[in-house]
Amino acid sequence: MKNQTKPAFIHVLLVFSALFHSYSTSVSAQEVEDENEFSYSEESGKGPSQWGNIKKEWSDCKTGKMQSPIDIPSRKAKVIKNPARLEMLYKPTEFIVKNRGHDISLKIHWLKNAGSIKINGTEYFLQQAHWHSPSEHAIDGKRYALEVHLVHQAKDPKVKHKLAVVGLLYKYGEPDAFLSKLLGNISATNDEIHEKPLGFVDPTHIDIRMGGKAYYRYIGSLTVPPCTEGVIWSVQKQVKQVSKEQVHAIRVLVHDVSKDAY
């Protein structure tokens with residue numbers, strides 16, 4: 001599949017991270033947490049076309065051969081229809097909602113465990129999930145209103161591909177039940193650095209049917225610096241629905257109303 005140029009739009013990120021004490025290097029440590037180090041705006045001088053020049057360890061962003069996101073050609077893409085090749089083993093976990101000013105995050109204590117997925121028998125543990133608006137991936141040239149990435153990491157050091165990401169796309173339509181609950185809790189926070197217990201959240205509720213649907217599979221990269229390659233991507237073929245009000249609410253929370261989502 002032909003790689004797509006890194007999109008030059010501002011992403012809306014809501015992140016919940018599952019941090020595990022047994023990991024020597026977590027996904028959150030590999031992905032850049034300080035969003036001030038890079039930008040999605042080319043006018044800033046730190047946009048996608050410059051990511052590979054900002055730091056030596058980000059060179060994959062410039063020279064990588066398997067960069068994500070991509071425009072998926074539905075007629076040529078590999079579609080996986082066997083649920084056994086993407087088995088969901090998530091479980092409810094206590095989360096904390098935190099408004100950090102520039103984004104909203106949902107985190108769990110490092111002693112907790114939000115479960116995992118299995119891909120062809122290899123287990124990958126959930127590390128975080130975050131929402132992008134508009135979507136990063138495109139299908140046949142079309143981008144969508146919203147996209148969620150569920151990021152996972154394998155514990156087995158012998159595994160060739162250490163990271164696996166499940167992507168779900170959203171189009172405008174009916175409100176999404178999970179986001180309705182999430183936004184209801186987030187709206188109670190403010191612009192100051194503040195956090196509060198959210199209670200138990202079941203990651204399966206992001207889409208309780210996603211384990212049994214067809215999806216596109218390819219090997220790509222992280223979509224933010226350091227743009228690490230060798231990531232197993234599983235992008236759900238069926239598109240979910242989200243209301244315009246929900247997308248707008250997400251963008252307002254992180255002060256990004258610069259443009260309408262697709």
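This section describes the fold composition, aromatic pairs, helix packing and backbone geometry of a predicted model.

In the predicted model, the secondary structure of the chain comprises five helices and 16 strands. Of its 262 residues, 52% count as buried. Among the contacts in the chain with a separation of 6 or more, 72% are accounted for by residues 24 or more positions apart.

When neighbours within four places in sequence are left aside, the residues in contact with isoleucine 117 include Leu86, Glu87, Met88, Leu89 and Tyr90, together with His152, Ala164 and Val166. For tyrosine 90, which lies 27 residues from isoleucine 117 along the chain, the separation of the two C-alpha atoms is 7.2 Å.

Four aromatic pairs were counted in the model. In one of them, phenylalanine 38 and tryptophan 58 are arranged edge-to-face, with 6.3 Å from centre to centre and 85 degrees between the planes. Because phenylalanine 38 is placed in the loop between α1 (27–30) and α2 (51–54), and tryptophan 58 in the loop between α2 and α3 (60–63), this pair ties together parts of the chain that are 20 residues apart in sequence. Both phenylalanine 38 and tryptophan 58 are buried, and ring pairs link Phe38, Trp51 and Trp58 into a cluster.

Another pair is formed by tryptophan 131 and phenylalanine 178, whose ring centres are 6.1 Å apart and whose planes meet at 15 degrees, so that the pair is stacked. This pair links distant parts of the chain, as tryptophan 131 belongs to strand β8 (residues 122–132) and phenylalanine 178 to helix α4 (residues 177–186), 47 residues apart. Tryptophan 131 counts as buried because its relative accessibility is 1%, and phenylalanine 178 likewise counts as buried, at 10% relative accessibility.

Helix α4 is in contact with helix α5 (residues 244–253), the two axes coming within 11 Å and crossing at roughly 30 degrees; the crossing is left-handed. On the α4 side the contact is made by Leu179, Ser180, Leu183 and Ile186, and on the α5 side by Gln246, Ala249, Ile250 and Leu253. By class, six of these residues are nonpolar and two are polar, with no charged residue taking part.

Attention may finally be given to the backbone. Most residues other than glycine have a negative phi, and most peptide bonds are trans. In the present model, however, the peptide bond from serine 68 to proline 69 is cis, with omega near 0 degrees, and proline 69 is placed in the loop between α3 and β2 (71–72). A cis peptide bond also joins proline 225 and proline 226, with omega at about 10 degrees, proline 226 being located in the loop between β14 (215–221) and β15 (229–236). Cysteine 227 is found in the loop between β14 and β15 as well, and has a positive phi of about 60 degrees although it is not a glycine; at 0% relative accessibility, cysteine 227 counts as buried. A positive phi, near 55 degrees, is also found for aspartate 140, in the loop between β9 (138–139) and β10 (142–143).

Key. Residues numbered from 1 in each chain as written. Predicted model: local features only at pLDDT ≥ 70, side-chain atom pairs only at ≥ 80, totals over all residues. Heavy atoms only, no water. Phe/Tyr/Trp six-rings, centres within 6.5 Å; stacked < 30°, edge-to-face > 60°. Helix = DSSP H or I, 4+ residues; strand = E, 2+ residues; numbered from the N terminus. Buried < 20%, exposed > 50% of the residue type's maximum accessible area, 1.4 Å probe, protein only. Axes fitted to C-alpha atoms, helices over the stretch in contact; angles between N-to-C directions. Left-handed = near helix turned anticlockwise from the far one by under 90°. Contact = heavy atoms within 4.5 Å. Nonpolar A, V, L, I, M, F, W, Y, C, P; charged D, E, K, R; others polar.
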